[in-house]
Amino acid sequence: MNILVCVKQVPNTEELKVNADAGTSNIDSIPRVVSSFDTYALETAVKIKDADASVKVVVVTIGSDKAKDALKSCLSVGADKAYLVSDPAFENIDSLAISRVLSLAVKEIEKREGAAFDIVFLGRQANDSDAGHVGPQLAEFLDYPQLTYAREVSVADGKVRANRETEDGYIVVAASMPTVVTVTKTEYEPRYASVKTKMAANKAEIPVLSAADLGPDAAQSPTKTLKTYIPARKTGGVKIEEETGELAAQKLSALLSDAGII
């Protein structure tokens, strides 16, 4: 079995500081790390590999040459090989274009590896944008079934089964391979690298795929960012504190009535 894990290098949000008055942040100067949900996706893939030594885990990311650090961290915790997708044409593209570029990268990596991927894992969303678009969009570009918000994943009889997180609890869903799976926070934590695995990862050669490798017009981005700003903080409001919910509802009704809203 062959597994691809798509990861994203993001700013370490624990070190993010925002100056609301100046409308600025320190985002350009803080360290970059693998997005947290992607680390759970990778751990899920490596756990499948732990159970079957024939499984191969490949990771891929889109970014600058600095993103090789994120890929090496993935190699140090169990991935077998890594690819970087990097080109000036891929800078500042939106999630739709990212998904298309990844879909083309999947096919190119399959050609280079000489085997198709049975599962494509991603984190459910990235720490920076929190959109959750790329996984489902990638599945559409690849024309694969998709299992989203997976908390636990198992593979048997040519199918992928996922314990899927919902607002009301969990449901078990399944799909035939190849399939795209997005992973949420799991019951198990991502493993840590050892000194030995870190040293081996640092020596690894990481192939780079450019726009020329993926074909013409690989990154057509329909979204344009016109402005980035910090929303003004709202002030005012009324806090209702009563002994029971019924009294609180009566107080709220009276306030709305006095204000002419109801």
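How many salt bridges does a search of the whole structure find? I ran through the whole structure and the count came to 15 salt bridges. I note at the start that this is a predicted model.

I began with the outline. The protein has seven helices and 13 strands. I then took the box along the principal axes, and the C-alpha atoms fill roughly 70 × 45 × 40 Å. Next I looked up burial. The protein has 262 residues, and 35% of them count as buried. Its accessible surface comes to about 15300 Å². Carbon and sulfur atoms hold 49% of that surface. I also checked how far contacts reach along the chain. Among contacts with a separation of 6 or more, 70% join residues 24 or more positions apart.

**Entry: K8 and D128**

Back to the salt bridges. I picked K8 and D128, whose side chains meet at 3.1 Å, N to O. Where do the two residues lie? I found K8 in the loop between β1 (2–6) and β2 (9–11). D128 sits in the loop between β8 (119–123) and α4 (134–142). The pair therefore ties together parts that are 120 residues apart in sequence. K8 is partly exposed, at a relative accessible area of 29%. D128 is partly exposed too, at 39%.

**Entry: E110 and K107**

My next pair was E110 and K107. Their closest N and O atoms are 3.7 Å apart, and they form a salt bridge. Both residues belong to helix α3 (residues 95–113). They are three residues apart there, so about one helical turn separates them. Is E110 buried or exposed? I read a relative accessible area of 11%, and E110 is buried because the cut-off is under 20%. K107, in contrast, is partly exposed at 38%.

**Entry: R112 and D213**

I stayed with α3 for one more bridge. The side chains of R112 and D213 meet at 3.6 Å, N to O. R112 lies in helix α3, and D213 lies in helix α6 (residues 211–214). This bridge therefore ties together parts that are 101 residues apart in sequence. R112 is partly exposed, with a relative accessible area of 39%. D213 also counts as partly exposed, at 30%. I then followed shared partners. Salt bridges join E108, K111, R112 and D213 into one network.

**Entry: Y83**

I turned to a residue in a strand. Y83 has its place in β7 (residues 81–85). Y83 is buried, with a relative accessible area of 2%. Which residues is Y83 in contact with, leaving aside neighbours within four places in sequence? I listed V58, V59, V60, T61, L71, I109, R112, E113, I206, P207 and L209. R112 is on that list, and R112 also has the bridge to D213 noted above. Y83 and I109 are 26 residues apart in sequence, yet their C-alpha atoms are 8.0 Å apart in space.

**Entry: nonpolar cores**

A general point first: in soluble globular proteins, nonpolar side chains tend to be buried together. I looked for such groups here. The largest nonpolar core has 34 residues. I3, V5, L42, V57, V59, F121 and V181 touch the most other members. Which helix gives this core its largest share? I found helix α1 (residues 36–51), with six residues. I opened up V5 next. Not counting residues up to four places away in sequence, V5 touches A41, L42, A45, V57, V58, V59, V60 and F121.

**Entry: N2**

I went to the start of the chain. N2 lies in strand β1. A polar atom of the N2 side chain lies 3.5 Å from the backbone oxygen of A116. Beyond residues up to four places away in sequence, N2 touches K56, A115, A116, F117, D118 and I119.

**Entry: helix α7**

Just after α7, G260 takes a positive phi of about 75 degrees.

Conventions
Residues are numbered from 1 along each chain as its sequence is written. This is a predicted model: local features need pLDDT of at least 70, side-chain atom pairs count only at pLDDT 80 or more; totals for chains, interfaces and linings use all residues. Side-chain values use heavy atoms; hydrogens and water are left out. A salt bridge is a side-chain nitrogen of Lys or Arg within 4 Å of a carboxyl oxygen of Asp or Glu. Helices (H or I, at least four residues) and strands (E, at least two) are DSSP runs, numbered from the N terminus. Buried means under 20% relative accessible area, exposed over 50%, partly exposed in between (1.4 Å probe, protein chains only). A polar contact is a pair of N or O atoms within 3.5 Å; within protein, one must be able to donate a hydrogen and the other to accept it, and residues adjacent in sequence count only if both atoms are side-chain atoms. Contact means heavy atoms within 4.5 Å. Accessible areas come from the Shrake-Rupley method with a 1.4 Å probe; for residues, only the protein chains shown count as cover. A nonpolar core is a set of buried Ala, Val, Leu, Ile, Met, Phe, Trp, Tyr and Cys residues joined through side-chain atoms within 4.5 Å.
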